[in-house]
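Reader: I have a model on my screen and some labels to question. Can you take me through them?

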Amino acid sequence: MYIWGIGKIMKYYLVALFDKDSYFYIQRIQKSICRKYKLYKNIPMLHITLEVIENPDLEKLTKVISDILKPYKKFKVQINDISMDPFYKAINLKIENKGYIIRLARQINEILRLHKFNVRENLNDINLKVLLANTSYQMRESNSKQHSNTFHENIKRESNHKMVKIDRIELWKAVNNKKEVTLRKFSLRNF
């Protein structure tokens, strides 16, 4: 996107990442859904987006995030139902918006706003999730509305309720080359 007189808007993503066991568990769900519904298999690394920051001063941002995360330990989140987001044409795994993760997401947003970073204004719409699959291709292939409705109903019936572990936070830049995505890594303390 280009805004007249300002230049290109660069978005950076602060994401929570799973430990190995949790990642493999969610990846099995993802592969099962992709296989079952014949969806794209090439999607980004499984993660939870905590905040999106536009055009930040990266050095200042790194310092502020490091300070925010200092007291935080590795923590668990509950994954819930699988949902279909028709607007984004995505299948997501819902994260229970309570406890450690919601407190962390709110604190990050509030402190970054206080430091004049361009982040979300309204925290009422925090909807934490894990993108499992993109359905754009499947939806184009599906010419019948009935097939599409059946697909949505089948997705609604899938559910998973389990605690998974977050062991680190990273700052990502949206680029096409996966090797250039991660800009900064922030470790969380052990229990």
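Author: Start with N92. N92 touches D81, I82, S83, D85, K129, V130, L131 and L132, leaving out residues up to four places away in sequence. This is a predicted model, so local features need pLDDT of at least 70 and side-chain atom pairs pLDDT 80 or more, while totals for chains, interfaces and linings use all residues. Residues are numbered from 1 along each chain as its sequence is written, and side-chain values use heavy atoms, without hydrogens and water.

Reader: What makes a residue one that N92 touches?

Author: Contact means heavy atoms within 4.5 Å. L131 is one of the residues that N92 touches.

Reader: Why does N92 count as buried?

Author: Buried means under 20% relative accessible area, exposed over 50%, and partly exposed in between, with a 1.4 Å probe and protein chains only. N92 has 4% relative accessibility, so N92 counts as buried. N92 sits in strand 6 (residues 90–95).

Reader: Why is R120 called partly exposed?

Author: Its relative accessible area is 28%. That value lies between the 20% and 50% cut-offs, so R120 is partly exposed. R120 is in the loop between helix 3 (100–114) and strand 7 (129–134).

Reader: What does the side chain of R120 reach, and what makes that a polar contact?

Author: The side chain of R120 reaches the backbone oxygen of L50 at 2.7 Å. A polar contact is a pair of N or O atoms within 3.5 Å; within protein, one must be able to donate a hydrogen and the other to accept it, and residues adjacent in sequence count only if both atoms are side-chain atoms. Apart from residues up to four places away in sequence, R120 touches L50, E51, N109, R113 and I126.

Reader: How do you know that helix 1 has close to its expected span?

Author: Helices are DSSP runs of H or I with at least four residues, strands are runs of E with at least two, and both are numbered from the N terminus. The expected span is 1.5 Å times one less than the number of residues. Helix 1 (residues 20–37) has 18 residues and reaches 26 Å from first to last C-alpha, close to the 26 Å expected. Its buried residues include Y23, I26, I29 and I33. Just after helix 1, K38 takes a positive phi of about 55 degrees.

Reader: What does the secondary structure of the chain come to?

Author: Five helices and nine strands. Buried residues make up 43% of the 191 residues.
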